[in-house]
Amino acid sequence: MVRNVAKAAAQRLYARWARLPLAEAVLLESFEAASTSGDPGIIAEYLLAETDLPIIWALRGPAPINDRVRAVRYRSASYFKALATTKYLVNNVTFPALFAKRDEQVYLNTWHGTPLKKMGRDVDAPYSQIANTVANLQAADILLSSGDYMTKTMYDGAYGVTEGVVTMGTPRVDRQFGLDQDLVLYAPTWQEASYTHAVDDTDALAARVQALAQVGPVALRVHSKLAAKAMADPRLRPYLIEGDTNELLGRARVLITDFSSVAFDYLATGSHVLFFTPDDYPRGVYLSDEELPGPRTSSLEQLLEWVGQPPEVDLADQRERFVPFEDGQATRRVVRALLKA
């Protein structure tokens with residue numbers, strides 16, 4: 001009862017703010033306000049360099065502030081007021097269920113990856129777990145897609161949304177171009193303990209990365225859901241590498257992953273992607289082994305051989321299928337679309 005009363009009060013307050021004039025500014029949120037990274041981060045940098053628009057970041061913690069950038073604490077009253085009164089909105093996941101886009105607002109949802117793992121309606125889970133995602137995608141004026149594969153698999157297929165989808169490249173991938181490729185990068189995704197919580201598989205990660213290090217230098221990038229555990233583990237700490245994920249992908253001469261969407265981003269600039277899948281993924285995946293843009297194995301011994309001498313794979317067809325618009329200039333096109341919508 002108390003929760004229902006609080007929800008009703010919040011809805012009334014949000015409706016009041018939604019009658020206020022819109023501010024000519026951009027509100028950005030990345031990974032549910034966990035950081036200023038991803039597509040929203042690249043877009044913010046471009047806006048600061050090329051426009052005079054004020055920037056508002058939704059964040060869970062403190063952030064640098066200057067005369068054009070301010071932060072609002074995620075899910076605070078200031079956050080919801082900014083959500084209701086800012087003209088341009090950018091997110092790579094979803095805004096909370098209280099969000100109701102005004103007709104005059106422009107909402108760009110960049111999403112955060114081309115899916116390999118099944119999602120949305122393709123997962124055997126209650127609709128309530130995806131209802132807010134569907135609502136956000138339906139509300140967006142611009143839904144960024146990496147190409148026909150993502151459009152058909154995710155937007156149209158997994159979530160049943162077809163309006164507003166555009167294909168013009170992804171800003172985060174712009175950071176991959178023009179870098180020296182000096183890394184063997186191991187970037188596994190997270191194993192599910194539940195729909196939203198990760199299995200703690202640091203023991204297995206430690207054994208694998210130590211074995212990889214016997215072949216040559218290896219850098220480890222874990223999913224954000226396991227980052228804190230990995231940093232606290234002395235076995236993993238020597239291999240962990242900091243920095244923007246897409247910059248690391250741009251530096252990778254070999255990428256090792258499992259079911260992560262980083263495999264598709266990597267295709268734009270990389271040449272050797274190895275799929276190491278010692279465990280099946282509970283949700284299932286969209287592509288068969290023959291469709292993957294690289295060889296797959298569940299054997300650590302086989303993986304070590306491949307790292308020493310990566311199999312040659314012609315990726316031209318894979319790039320055309322999965323990342324046909326990536327040329328290092330996507331941010332400019334996306335921002336122009338946002339401001340002209």
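## Helix packing

The buried residues of helix 2 are packed against strand 1, strand 2 (55-59), strand 4 (86-91), strand 5 (106-109), helix 6 (171-174) and helix 13 (330-340). The model is a predicted one, in which local features need pLDDT of at least 70, side-chain atom pairs count only at pLDDT 80 or more, and totals for chains, interfaces and linings use all residues. Residues are numbered from 1 along each chain as its sequence is written, and side-chain values use heavy atoms, with hydrogens and water left out. Helices (H or I, at least four residues) and strands (E, at least two) are DSSP runs, numbered from the N terminus.

The residues of helix 2 that are buried (under 20% relative accessible area, with exposed over 50% and partly exposed in between; 1.4 Å probe, protein chains only) are Gly 38, Asp 39, Pro 40, Gly 41, Ile 42, Ile 43, Ala 44 and Leu 47. In helix 7, the buried residues are Thr 202, Leu 205, Ala 206, Arg 208, Val 209, Ala 211 and Leu 212. Their cover includes strand 8 (183-186), strand 9 (219-220), helix 8 (227-231), strand 10, strand 11 and helix 11 (300-308). The table sets out the spans of the two helices; the expected span is 1.5 Å times one less than the number of residues.

| Helix | Residues in helix | End-to-end C-alpha distance | Expected span |
|---|---|---|---|
| Helix 2 | 13 residues | 19 Å | 18 Å |

Helix 2 (residues 38-50) gives the most to the lining of the second largest pocket, with 6 residues. A pocket is defined on a 1 Å grid over the protein atoms alone as an open set of points where a 1.4 Å probe fits, with protein on both sides within 12 Å along at least five of seven lines; lining residues have an atom within 4 Å of a point. The space in this pocket is about 220 Å³. It is lined by 15 residues, of which Thr 36, Gly 41, Ala 44, Glu 45 and Trp 57 are the closest to its centre. The lining comprises 7 nonpolar, 5 polar and 3 charged residues.

## Aromatic pairs

There are 11 aromatic pairs in the structure. Ring centres of Phe, Tyr and Trp (its six-membered ring) must lie within 6.5 Å; planes under 30 degrees apart count as stacked, over 60 as edge-to-face and the rest as tilted. Tyr 149 and Phe 322 form an edge-to-face pair, at 4.9 Å centre to centre and 85 degrees between the planes. This pair links helix 5 (residues 148-158), which holds Tyr 149, with helix 12 (residues 316-322), which holds Phe 322, across 173 residues. Tyr 149 and Phe 322 are buried.

Phe 259 and Tyr 281 form a tilted pair, with 5.4 Å between centres and 55 degrees between the planes. Phe 259 lies in the loop between strand 10 (252-257) and helix 10 (262-267), and Tyr 281 in the loop between strand 11 (273-276) and strand 12 (296-297), so the pair ties together parts 22 residues apart in sequence. Both Phe 259 and Tyr 281 are buried.

## Loop residues

Glu 32 has a phi near 55 degrees, a positive value in a residue other than glycine. Glu 32 is placed in the loop between strand 1 and helix 2, and counts as partly exposed at 36% relative accessibility. Arg 75 also has a positive phi, near 65 degrees, and is placed in the loop between strand 3 (69-73) and helix 3 (77-85).

Conventions: Points joined across faces, edges and corners; volume = space filled by probe spheres on them. Nonpolar A, V, L, I, M, F, W, Y, C, P; charged D, E, K, R; others polar. Contact = heavy atoms within 4.5 Å.
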